[in-house]
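Subject: A structure for you to look through

Dear colleague,

Here is the structure I promised to pass on, with my notes on it below. Please keep it open beside this message while you read.

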Protein chains: 2
Amino acid sequence: MTTKKGILYLQSGGPTAVINSSLFGVIEEAKKHPEISVIAGARFGMDGVFKKDFVDLRKEDPAELKLLLQTPGAVLGSCRRKLPEDENDPVFATVLSTLHEKAIGTVLINGGNDSMDAVAKLASFFKRSHEDIRVIGIPKTIDNDLALTDHCPGYASAALHVMNLVSMVVVDSKAYTNGKVILVEIMGRNAGWLTASADLLPTDERPDLIYLPETAFDEERFLNRVQEIYAKKHCVVVVLSEGVNVPRQKDGMKDAFGHPVLEGISSYLGNQIMSRLNIGVHAMQLSLPQRADPAFVSKVDRKEAIECGRRAVRFALAGKTGQMVALKRITSRPYRVSYVLVPAAEIANQEKRVPTAWIVDDTKMSSAFRTYLAPLVSDIVPIRFEKGIFCITHLRLKKLL
Amino acid sequence: MTTKKGILYLQSGGPTAVINSSLFGVIEEAKKHPEISVIAGARFGMDGVFKKDFVDLRKEDPAELKLLLQTPGAVLGSCRRKLPEDENDPVFATVLSTLHEKAIGTVLINGGNDSMDAVAKLASFFKRSHEDIRVIGIPKTIDNDLALTDHCPGYASAALHVMNLVSMVVVDSKAYTNGKVILVEIMGRNAGWLTASADLLPTDERPDLIYLPETAFDEERFLNRVQEIYAKKHCVVVVLSEGVNVPRQKDGMKDAFGHPVLEGISSYLGNQIMSRLNIGVHAMQLSLPQRADPAFVSKVDRKEAIECGRRAVRFALAGKTGQMVALKRITSRPYRVSYVLVPAAEIANQEKRVPTAWIVDDTKMSSAFRTYLAPLVSDIVPIRFEKGIFCITHLRLKKLL
């Protein structure tokens with residue numbers, strides 16, 4: 001049925017360091033199958049579908065495609081858009097007519113929770129409309145919070161960024177006998193997967209304290225812990241998830257004009273330490289580079305991101321739909337995974353958080369967590385630089401005719 | 001006179017990605033000269049001199065010394081301590097007696113402005129006391145604000161960190177059609193050298209706006225520029241120096257308890273954009289990794305940092321004192337420099353800022369600036385990783401007997 005039909009690929013949600021590696025996998029795999037007529041990419045995700053803004057991915061230079069493997073961002077453009085709950089909403093019919101017009105028989109959506117919601121809704125609509133259009137999800141998130149998969153492409157590279165940056169901060173902090181409290185705020189929304197990665201650093205590069213959103217945060221206890229360690233070492237490095245829940249923070253901060261202001265958890269807690277403990281603070285957020293650093297891309301992560309793209313194409317050709325490609329761990333030592341399908345509808349609107357049993361206390365994670373993460377971050381991939389700057393791809397992005 | 005006398009090396013001020021490369025150069029050069037009896041390092045800079053806390057740098061494993069080249073921080077420890085203005089202060093006599101005790105005939109201080117102040121004061125005191133103890137400065141600062149030298153070891157590597165990180169942010173920001181204003185706050189104290197480096201990025205990786213502390217900052221004009229560019233592109237990336245002078249910021253921000261709070265320029269301006277233009281903002285500070293990232297070390301920078309260390313040893317052996325090793329540019333294309341001596345007293349308490357003639361407007365630097373910086377950041381050095389984390393040295397740091 002899908003013979004002579006095209007593939008449409010979409011990027012969705014926030015970029016990761018390897019989302020473009022999944023795109024690479026999709027293109028490479030699709031080219032192997034002569035029955036695939038069109039390999040299209042939507043510009044800016046679902047927005048591109050509504051605007052019929054598609055590019056012809058067959059028209060790209062192979063050398064530039066190779067550079068997708070080290071290009072951060074989402075090269076086709078992304079968006080955050082939720083499809084309506086009501087399948088009778090005209091939006092679905094519009095999408096269908098556009099896909100017909102472009103002879104698309106497969107839609108691949110590369111994203112996180114919300115994207116899997118779109119996979120489930122589109123697949124269900126096409127089924128109900130008796131249309132043989134397959135919709136497969138390709139996982140992606142640095143937060144590692146997708147259910148039903150062992151881990152997510154994007155997570156391990158972000159973890160290596162976090163680990164290397166925290167190591168820099170710890171090593172740098174040893175220069176002084178009379179240091180500060182350094183607060184390093186790490187992404188991850190409501191899950192502490194990224195923050196927890198700092199636990200795997202070698203002993204003399206580890207932070208002193210690690211706070212995840214999965215456990216209750218007690219501000220008084222936190223201040224006591226900081227004071228205690230500072231008294232001993234004259235320097236404290238704390239890593240903490242952006243999602244750590246500090247009830248008092250809600251009182252908020254105001255600028256000179258009384259407007260509420262931008263404030264991260266590190267800034268809030270930094271101000272508490274300064275005003276209540278009278279200790280100097282350096283508050284920092286690792287910010288956007290966590291999802292965009294090509295210098296610390298994990299070898300396993302890149303390989304799996306490519307492979308998830310490839311498998312998505314093959315699963316669609318095999319007639320699967322409404323599912324997401326997931327990683328199933330077979331063994332950790334040696335590290336082996338298989339690629340399976342899981343129902344997209346069960347992933348949407350769910351968050352997988354760090355099991356509390358894996359959190360020993362505010363200084364360390366369990367050995368189960370270490371066994372889980374270690375094989376994912378065992379190695380980085382060397383990348384190409386030109387004049388000191390990492391090379392990025394320059395795709396043609398020719399309009400699909 | 002200095003035959004059979006020892007060398008003492010100190011690290012001072014904030015670390016850079018290559019300060020340990022200068023230490024490497026000092027040790028390698030000193031070992032070549034049989035007349036040098038002792039190669040000592042002070043723990044935590046001048047503090048170590050007062051505490052007689054010295055390590056024997058001859059006792060280190062050559063493989064670990066090699067890893068100094070990619071180890072951030074200041075491995076011997078540093079401090080920020082100004083020597084008294086009065087040469088009759090007993091502090092100077094104390095230092096002298098300690099140096100006698102340890103048979104030290106040469107003191108090398110690796111640091112910035114304040115360190116050159118120490119070089120000048122100690123050299124002057126020793127001369128006045130008719131003591132043949134030579135004091136030479138080895139330059140180091142990411143801020144590039146030392147006078148009398150073409151540039152400073154540490155600057156180019158920090159610039160490559162800034163350039164690569166800004167590129168990541170710009171590439172990442174292209175993922176959305178409806179983006180934010182991203183404010184990237186960059187170190188450099190009162191000088192814009194580091195911020196200006198973003199000007200050298202390839203066209204599609206450049207920020208939209210560049211603000212240095214060397215030109216007057218007009219907040220209203222800034223907000224207009226941001227609004228103008230946002231209306232056109234729906235995304236604006238601004239790089240700005242921490243030293244940009246915003247008078248209204250002095251009004252300050254307060255937490256819920258009325259305490260003044262930590263606030264960088266990016267956070268202050270971010271709040272202005274949100275409240276006055278009603279545009280979403282992502283404010284980030286590149287923070288400590290600017291001076292501690294081994295992944296973007298400049299080849300030229302590392303080489304020059306090593307060479308400054310070597311030259312300091314040779315200049316001291318040749319009887320020079322009270323001077324700093326400086327880089328003198330001969331030509332930019334091809335890039336050639338010579339190593340000269342300049343009076344430490346003339347560097348202390350001076351700041352070299354970016355010439356305003358090199359600042360074209362708030363979007364670009366002049367070609368003179370580009371010619372200046374380009375050869376310094378032309379290439380990065382690949383480094384060793386183990387289990388995904390950059391390797392650091394593990395020195396023995398054996399007490400000097």
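Over all chains the structure holds 50 salt bridges, a salt bridge being a side-chain nitrogen of Lys or Arg within 4 Å of a carboxyl oxygen of Asp or Glu. One of them is formed by A:R310 and A:E29, whose closest N and O atoms are 3.2 Å apart. Because A:R310 lies in helix 10 (residues 299-317) of chain A and A:E29 in helix 1 (residues 19-31) of chain A, this pair ties together parts that are 281 residues apart in sequence. Helices (H or I, at least four residues) and strands (E, at least two) are DSSP runs, numbered from the N terminus.

Before going further, please note that this is a predicted model, in which local features need pLDDT of at least 70 and side-chain atom pairs count only at pLDDT 80 or more, while totals for chains, interfaces and linings use all residues. Residues are numbered from 1 along each chain as its sequence is written, chains are lettered from A and ligands numbered from 1 in the order in which they are written, and side-chain values use heavy atoms, with hydrogens and water left out.

Next comes the interface. In chain A, 70 residues are in contact with 71 residues of chain B, where contact means heavy atoms within 4.5 Å. The two chains bury about 5500 Å² between them, 64% of it on carbon and sulfur atoms; buried area is the accessible area (1.4 Å probe) that two parts lose on being put together, summed over both. Between chain A and chain B the count is 2 salt bridges, and A:D172 forms a salt bridge with B:R291, with the closest N and O atoms 2.7 Å apart. On the side of chain A that touches chain B, two or more residues come from each of helix 6 (155-173), helix 9 (265-277), strand 9 (281-285) and strand 13 (389-390) of chain A, and helix 6 of chain A gives the most, with 9 residues.

Turning to the inside, there are 5 cavities of 30 Å³ or more. On a 1 Å grid over the protein atoms alone, a cavity is a set of points where a 1.4 Å probe fits but cannot get out, and lining residues have an atom within 4 Å of a point; grid points are joined across faces, edges and corners, and a volume is the space filled by probe spheres set on the points. The largest cavity has a volume of about 90 Å³ and is lined by 13 residues, of which A:L165, A:L286, B:L165, B:Q285 and B:L286 lie nearest its centre. Helix 6 and strand 9 of chain A, together with helix 6 (155-173) and strand 9 (281-285) of chain B, each give two or more residues to this lining. The second largest cavity holds about 60 Å³ of space, and among the residues that line it are B:C79, B:R81 and B:D114. Helix 5 (residues 113-128) of chain B gives the most to that lining, with 3 residues.

Finally, some details of the backbone. A cis peptide bond joins A:R333 and A:P334, with omega about -5°, and A:P334 is found in the loop between strand 10 (323-331) and strand 11 (336-343) of chain A. In chain B, the peptide bond from B:R333 to B:P334 is cis, with omega near -5°. B:A103, a residue other than glycine, has a positive phi near 60°, and its place is in the loop between helix 4 (90-101) and strand 4 (104-111) of chain B.

With best wishes

Note on methods
1 Å grid on protein atoms, 1.4 Å probe; cavity = no way out; pocket = protein on both sides within 12 Å on 5 of 7 lines; lining within 4 Å.
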